[in-house]
Structures are given as structure tokens and as C-alpha cells.
Amino acid sequence: MEAAGSSSARPPRRRRPELLPPAPEVAGPSRPYMPSLCSNSKNPSAKCYGDRFIPDRSAMDMDMAYYLLTEPKKDQENDIMVSPAKEAYRRLLAEKLLGNRTRILAFRNKPPEPEGMLQQILVETQTFSQTKPTKQRRKIPKFAERTLDAPGVVDDYYLSMLDWGSKNVVSIALGNTLYLWNSSDSSTSELVTVDDDNGPITSVSWSCDGQHIAVGLNSSDIQLWDTSTSRKLRTLQGVHESRVGSLAWNSSILTTGGMDSKIVNNDVRMRSHMVQTYRGHASEVCGLRWSGSCQQLASGGDDNLVHIWDASMASSTPSLGQNGWLHRFSDHLAAVKALAWCPFQSNLLASGGGGNDGCIKFWNTHTGLCLNSVDTGAQVCALLWNKNEKELLSACAFGQKPLTLWKYPSMVKLAELEGHTSRVLCLAQSPDGSTVASVAADETLRFWNVFGTSEALKPAAKTGHAGMFNSFNHIR
């Protein structure tokens with residue numbers, strides 16, 4: 001008994017615990033397993049920063065989110081029954097209570113408000129537009145600044161008796177005498193007087209250096225003069241068979257046009273000066289102009305034609321050969337003397353027709369097309385472009401206001417200049433492009449400040465006004 005009792009009172013044997021790994025958490029079907037985005041720092045104050053593309057639940061208003069998700073469905077169901085007044089009231093109430101909140105998901109890092117930056121940009125833009133200087137409209141004088149007496153001027157449409165050199169000296173032919181007027185000091189000098197067998201002088205043209213001048217004569221001779229020493233350098237003979245009515249310089253090449261319908265390039269450096277001959281006109285050549293690039297020559301004639309000649313097409317044996325034209329324009333109905341190359345568009349040429357035509361035409365010398373034609377109603381004697389603005393000055397005959405300033409390309413009249421009482425024969429432009437000289441059959445030479453002064457040439461501070469043309473003088 002005692003043995004049995006002792007055996008029953010023996011304490012139970014303890015089991016040794018088994019070292020088994022803990023069972024991993026199995027993700028349920030409704031909640032996938034995602035690794036923690038928190039750092040493993042032992043610091044309890046460390047913050048958890050979630051991914052910027054994952055909404056932050058703590059920053060969200062769940063009631064507002066629920067309302068924004070369910071309210072559109074209710075609106076669609078009640079659209080038919082709600083009156084416009086109630087709809088407006090509901091929208092106004094939502095704006096006041098919800099503060100125009102439309103986002104359901106919220107993120108921890110909100111973008112900065114752009115209102116301050118945009119407001120600053122708008123203020124700076126408005127301030128800049130207010131402080132930007134506005135270009136003032138140029139005042140165009142309608143009367144000449146200075147008038148010189150020019151007795152004995154030959155009233156002939158086909159002649160070119162006026163030119164203005166690069167050294168600010170005006171040359172004008174009055175009958176058999178060539179006069180020089182220096183606009184810097186208003187001094188006048190006589191350069192040459194030819195005899196009656198050679199005169200009158202039919203054309204004058206300054207070289208590019210402003211020191212040498214070519215003089216065409218009625219006898220077909222061309223004289224070259226050095227104005228600094230008042231010395232004749234040479235006489236070109238045998239170029240034409242009759243009077244030389246037009247001249248144009250291209251570096252050391254002097255291009256001449258005569259009544260014999262020929263156009264000849266003369267290299268004044270050579271003993272045998274005739275280097276090219278252009279044949280295309282059937283009557284007197286009364287207008288010659290080289291383009292600004294000196295690659296194209298425009299010629300106008302009494303046969304109502306305008307030709308464009310390309311310098312690169314010149315023959316290597318020019319004195320014996322004949323060069324073809326690049327373009328031939330036959331739209332004019334009268335003689336063409338007025339020719340002007342545009343200073344701001346190299347392939348644009350303006351031409352003016354005589355009494356039976358009276359039109360100013362604009363040509364694209366690359367394509368050969370006529371861009372525009374304006375009927376002036378009078379004989380167009382000369383044309384000049386403004387070097388500073390898109391404007392064109394025309395000189396016409398038989399009118400009380402023979403000088404007209406046009407706006408290009410609209411061809412709106414900007415001003416009509418008054419003063420000449422007979423037709424204007426020739427125009428010349430000052431080196432700076434601001435002043436125009438005109439000689440007319442009323443035997444006056446007038447100066448007009450019609451084109452104004454370029455902004456680049458205006459002085460920074462103007463202390464006083466000393467006009468270049470302030471008084472009335474006589475050439476002789």
C-alpha cells in the first residue's frame with residue numbers, strides 16, 4: 001500500500017519544450033502583404049515617411065471623401081427633379097461649406113501655392129509694358145527747309161542733272177556748267193564749263209568715294225574729274241554715238257547709257273575702258289541703277305521697257321559680245337526713267353512710268369513678277385526709298401504737289417510736299433538718308449527733311465538746333 005501510495009503521489013514528468021520557428025503570417029485574400037515603409041530605427045520618435053505616390057490616410061478626411069464619392073450619384077438621380085434655383089443654391093452652399101475641395105485622396109507633401117509667384121510675374125509684366133517707351137510718330141515737314149536758285153536748268157525728262165556724293169557735296173548741272181554745293185559749310189564752287197560743241201551737260205554721277213565725278217555730255221563724251229583738285233582725269237570717247245543721259249557707278253566700273261540704246265560698262269582704271277556692252281533696248285536709255293549688292297543692274301528706256309541684267313552673266317570678251325538680260329518688264333506704257341532698289345529687300349525694284357503711264361510698279365527681280373502697281377495720275381520722274389523706314393518718295397510732273405511720300409507696302413499717302421511750281425526733274429538723297437534734294441523746271445533746287453534721322457544717328461543729348469538748311473541762297 002505504502003509502495004502504491006508513493007507511486008501515485010509522484011509528480012508528473014515535465015516535457016521539454018520544442019524549439020519550433022514561429023508560423024509566418026499568411027496574408028488573407030482581401031489584404032495583400034506589404035513590407036513596412038518605416039525605418040528600423042530604435043528611436044521611438046522617428047517618423048515614418050510614406051511613398052509620395054501612396055495616399056496618406058492620416059491626412060485624409062474620410063467623411064469628406066465619402067461625400068465626394070457618393071454625392072455625384074445622387075446628383076445624377078435628382079437632376080430631373082431639381083429646379084435651376086435649387087441647383088444654384090446647392091452649388092453655392094457646397095462652395096461655402098466645402099471650400100471648393102474636390103480631391104478625394106490626400107498626400108503628405110502638397111505642392112506650393114503658385115498664386116504668389118504668378119501674381120509677381122503679372123505685376124512685373126504689367127510694369128514692363130507700362131515703362132516700355134512708345135515710338136513717337138515722325139512729323140513730316142511739308143515745306144522745303146532750304147531753297148537755292150538754279151537758273152538755266154535744262155527742262156528735259158530724259159536727263160540726270162543732280163547727284164549727292166558720299167562726302168556731302170551736291171552736284172548740279174545748269175546748262176553747260178557743273179556746280180558743286182557743299183552742304184557742310186554751304187559753299188558753292190564751279191567745277192567745269194564745257195563749250196557749246198560738247199554741251200549741255202546731260203548727266204552727272206558721283207563715284208563711291210565721293211571724290212571723283214563722272215560727267216556725261218551731249219556730244220557722247222564722258223569726262224572724269226577729281227573734285228579735290230578740280231582736275232580732269234580723263235575723257236572717255238567712242239563709248240556712245242549720241243548724248244549720254246544716264247550714269248551709274250559699281251566700284252571702279254562706270255556704266256553709261258546713251259541715246260543710241262546701248263549700255264556700256266567702262267573700267268576707268270584701264271586704257272581700253274569698254275569692258276561690257278548690254279543690248280536690249282530699242283531706244284534711248286534714260287535710267288540706270290545698280291542694286292545694293294552690285295550684282296544686278298536695272299535699266300529703263302524710252303521704249304517703255306525695264307531690263308534686269310546680272311553682273312555674273314557678263315561676257316569675258318565684252319567689247320565684241322552682247323549680253324542677254326535676266327528679266328524684261330514690258331508693263332509700262334511710257335518711258336521709264338525712275339528706278340530705285342529697295343534698301344531693306346535686295347530683290348525689290350520700284351520703277352516709274354512717263355506721262356502716258358503714270359504708274360509706280362514693284363518687281364521681284366528673283367522671280368520676275370510684278371508685285372504691285374499704283375497709278376499716280378502723272379508722269380513719274382524720280383523715285384527714292386527711305387533708308388530708315390519702309391517709305392517711298394515719288395516725284396511727279398504737272399501737279400501742285402509733285403512730291404508724294406508713300407507708306408510701303410500699303411501705298412498709303414503719308415504726305416504731299418509743297419513748293420515746286422513745275423515738274424520735278426531729278427531727286428538726290430543725302431549720305432545719311434535724311435534729306436532729299438529736288439531740282440525742278442521752275443529753276444529751283446530745294447532740300448526736304450522728309451525722311452527724318454535714323455535712331456542710330458541721333459545724338460544722345462541735343463544742346464541746340466543748328467539746321468543745315470536755314471536760309472535762302474543762290475547758286476550763282
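Helices (H or I, at least four residues) and strands (E, at least two) are DSSP runs, and they are numbered from the N terminus. I noted before starting that this is a predicted model, in which local features need pLDDT of at least 70 and side-chain atom pairs count only at pLDDT 80 or more, while totals for chains, interfaces and linings use all residues. I also noted that residues are numbered from 1 along each chain as its sequence is written, and that side-chain values use heavy atoms, with hydrogens and water left out.

**Entry 1: cis peptide bonds**

I looked up P409 and found it in the loop between β24 (403-407) and β25 (412-417). The peptide bond that joins Y408 to P409 is cis, with omega about 5 degrees. I then turned to P200, which sits in the loop between β5 (187-193) and β6 (201-206), and saw that the bond leading from G199 into P200 is cis, with an omega near 5 degrees.

I checked C294, which is not a glycine and yet has a positive phi, near 60 degrees. This residue is placed in the loop between β14 (285-290) and β15 (296-301). For accessibility I used these cut-offs: buried means under 20% relative accessible area, exposed means over 50%, and partly exposed is in between (1.4 Å probe, protein chains only). C294 is partly exposed, because its relative accessible area is 30%.

N304 is another residue that is not a glycine but has a positive phi, here about 70 degrees. I found N304 in the loop between β15 and β16 (306-310), and it counts as partly exposed because its relative accessibility is 24%.

**Entry 3**

Strand β2 (residues 162-164) runs antiparallel to β3 and is joined to it by 3 bridges, with D163 standing opposite S171. The two strands form a hairpin with 4 residues between them, and in the turn N168 has a positive phi of about 70 degrees.

I followed β3 onward to strand β4 (residues 177-182), with which it pairs in the antiparallel sense over 6 bridges; here A173 stands opposite L178. This hairpin has 2 residues between the strands, and G175 takes a positive phi near 70 degrees.

**Entry 2: V424**

I located V424 in strand β26 (residues 424-429), where it counts as buried because its relative accessibility is 0%. Taking contact to mean heavy atoms within 4.5 Å, and not counting residues up to four places away in sequence, I saw that V424 touches several residues, including C381, A395, L403 and V439. The C-alpha atoms of V424 and A395 are separated by 5.9 Å, although the two residues are 29 apart along the chain.

**Entry 3: cysteines**

How many disulfides does the structure hold? I found 0 disulfides, a disulfide being a pair of cysteine sulfur atoms within 2.5 Å. For C359, the closest cysteine sulfur is that of C370, and at 9.3 Å it is too far for a bond. C359 counts as buried at 12% relative accessibility, whereas C370 counts as partly exposed at 34%.

Notes: Pairing = 2+ DSSP bridges.
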